[in-house]
Structures are given as C-alpha cells and as structure tokens.
Amino acid sequence: MHIPWQANKKLQYAILVAAALRGGTDPDLLDEVAWWQADDFWQYALFAAVAYIRAAASRVGVPVGQACQDLAQRSGPPAP
C-alpha cells in the first residue's frame, strides 16, 4: 500500500502536535494546517488519538476497549 507523502506529513504532524500539547507547548496549528482541507485536520487528529490510545493500552497491558472505557470514566481536564 502506497500512502501519498501529504498523508504521511499530516499524520506525522497530528501525532507530534498531540505530544507537544502534552508537553505543555502551544503549537501554531493555523500556519501548519492552512493548506489542509478542513475535514482533513479532524480526520488526522482522530488517527493520532487512535494511535495514542492503542500505544497506551499496549504499554499498560490492557485491551484497547478497556482503555477507552477507562478514558470515558475520567472526569475533569487531562493531567499536566
């Protein structure tokens, strides 16, 4: 399967932005994603969320479904 370079760049950016936000930075989304189609940003943000949830579930040794349920039960803002 061949993925166009634009798709790879978008996915990479979405994953790195999630990590940057977790690290306390404020990335300039407008400058980077201005050339994306409007729906692309949300699609790649979802892909990044799925990747992080799967990685977190794997790291703690729980099924992805359980990790999602645990996330759904959390209240309040995410931990810094």
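In the protein, residues 24 or more positions apart account for 48% of the contacts with a separation of 6 or more. The model behind this value is a predicted one. Its secondary structure consists of four helices and zero strands, and the order of elements from the N terminus reads α-α-α-α.

The surface can be described next. Among the 80 residues of the protein, 16% count as buried. The accessible surface amounts to about 6300 Å², and carbon and sulfur atoms contribute 61% of that area.

A nonpolar patch on the surface is formed by Leu-11, Leu-46, Phe-47 and Val-50. Together, these residues have about 330 Å² of accessible area. Helix α3 supplies the largest share of the patch, namely three residues. Leu-46 is one of the patch members and lies in helix α3. With a relative accessible area of 52%, Leu-46 counts as exposed, because the cut-off for that class is over 50%.

Helix α3 spans residues 38-60 and also holds Ala-56. How accessible is Ala-56, then: buried, exposed or partly exposed? Its relative accessible area is 40%, so Ala-56 is partly exposed; this class takes in values between the limit for buried, under 20%, and the limit for exposed, over 50%. Ala-56 can also be set beside Ala-67, which is eleven residues away in sequence. In space, the C-alpha atoms of Ala-56 and Ala-67 are 7.8 Å apart.

Definitions and conventions
Residues numbered from 1 in each chain as written. Predicted model: local features only at pLDDT ≥ 70, side-chain atom pairs only at ≥ 80, totals over all residues. Heavy atoms only, no water. Helix = DSSP H or I, 4+ residues; strand = E, 2+ residues; numbered from the N terminus. Buried < 20%, exposed > 50% of the residue type's maximum accessible area, 1.4 Å probe, protein only. Contact = heavy atoms within 4.5 Å. Areas by Shrake-Rupley, 256 points an atom, 1.4 Å probe, with all protein chains shown as cover. Patch = residues over 30% accessible without salt bridge, like charges linked within 9 Å, V, L, I, M, F, W, Y side chains within 5 Å. Salt bridge = Lys/Arg side-chain N within 4 Å of Asp/Glu carboxyl O.
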